[in-house]
Amino acid sequence: MGSGKEKKKQQQHQKKKRFPLQPKKVVNNKRKKEKVKKTRSSSNNGESIENAKSKIKVKDTKLNDIVRFPTAAQQLEFFHEQYQSANRIQLSSLELDSFTETCMLELNPDQAQISSPLADHMKVAFGASWKEILCEKELDEKIDPGQPALLVISLSALRSLDLLRELRPLTSECRAAKLFSKHMKIEEQASALKNRVNIASGTPSRIKKLIDVEALGLSRLAVIVLDMKTDTKGYSLLTLPQVRDEFWDLYRNYFHQRVLEGALRICLYDEIPVNIKKEKSNQDE
């Protein structure tokens with residue numbers, strides 16, 4: 001009898017052992033050691049870093065400054081950066097040799113009046129023959145229809161209209177072409193381009209479509225004005241994603257080669273950020 005009771009006790013004891021035990025907490029000593037090492041190294045190196053900083057007397061830093069009338073060199077640097085960044089390419093040495101400051105149109109702030117600043121700038125840009133090139137309305141043997149000499153490219157239709165208002169002194173006789181999609185059909189624009197056109201203003205997408213269907217010609221084009229005005233959200237022609245992509249598609253296909261050949265100049269109109277080198281010393285700090 002006694003032996004039977006002992007067997008039952010042993011069986012119960014074995015059943016209890018079969019239940020899974022709770023997992024023990026694993027302490028990651030390696031992480032703790034790394035943290036200790038970091039804190040020690042940072043405390044030890046803190047003084048050496050401060051000493052190294054104090055030894056640096058002068059350091060060059062690039063700061064962005066907003067410029068209303070950038071020089072040709074500033075426009076060129078900004079345009080190169082935007083072109084390479086947006087297209088994810090590097091300009092070749094041959095292209096850089098051809099793509100110089102002469103490709104950019106520098107504006108003189110003293111030449112502009114408050115009422116029509118863009119018109120005044122374009123008069124200077126086209127020189128003594130500005131009236132013949134930008135204001136005459138009659139077609140002749142040298143000028144084909146739908147061939148503007150000046151093309152203004154903007155972020156939106158509303159901004160295009162704003163710039164056309166600035167150009168009114170030049171468009172009283174020969175109307176400017178409105179090349180944007182808002183409230184305007186492409187067939188109507190193609191029909192209007194069958195007349196003489198000296199000045200055109202629009203958005204990248206519609207401009208490219210009109211070139212693709214051969215309604216808008218480029219043989220007479222001498223200046224493209226890229227409007228750098230930002231919208232309420234801070235976007236510009238070269239930073240608003242969809243419009244930016246449409247512009248570079250237009251530029252690569254129809255403008256870039258002409259710029260390299262010296263047949264076309266680019267003007268960045270309105271404010272752009274430029275890199276200005278400034279020196280800082282520990283005395284300034």
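This is a predicted model: local features need pLDDT of at least 70, side-chain atom pairs count only at pLDDT 80 or more; totals for chains, interfaces and linings use all residues.

Mentor: Residues are numbered from 1 along each chain as its sequence is written, and side-chain values use heavy atoms, with hydrogens and water left out.

Trainee: What share of the residues of the protein chain count as buried?
Mentor: Buried means under 20% relative accessible area, exposed over 50%, and partly exposed in between (1.4 Å probe, protein chains only). The protein chain has 285 residues, and the share that count as buried is 36%.

Trainee: Which elements do the buried residues of H9 pack against?
Mentor: Helices (H or I, at least four residues) and strands (E, at least two) are DSSP runs, numbered from the N terminus. Helix H9 covers residues 204-212, and its buried residues are Pro204, Arg206, Ile207, Lys208, Leu210 and Ile211. These residues pack against S2, strand S3 (177-179), helix H8 (186-192), strand S4 (199-202) and helix H10 (241-260).

Trainee: Which residue just after H9 takes a positive phi?
Mentor: The phi in question is about 65°. The residue that takes it is Glu214.

Trainee: Is Glu138 buried or exposed?
Mentor: Glu138 lies in the loop between helix H6 (130-134) and strand S2 (150-153). Because its relative accessibility is 53%, Glu138 counts as exposed.

Methods. Contact means heavy atoms within 4.5 Å.
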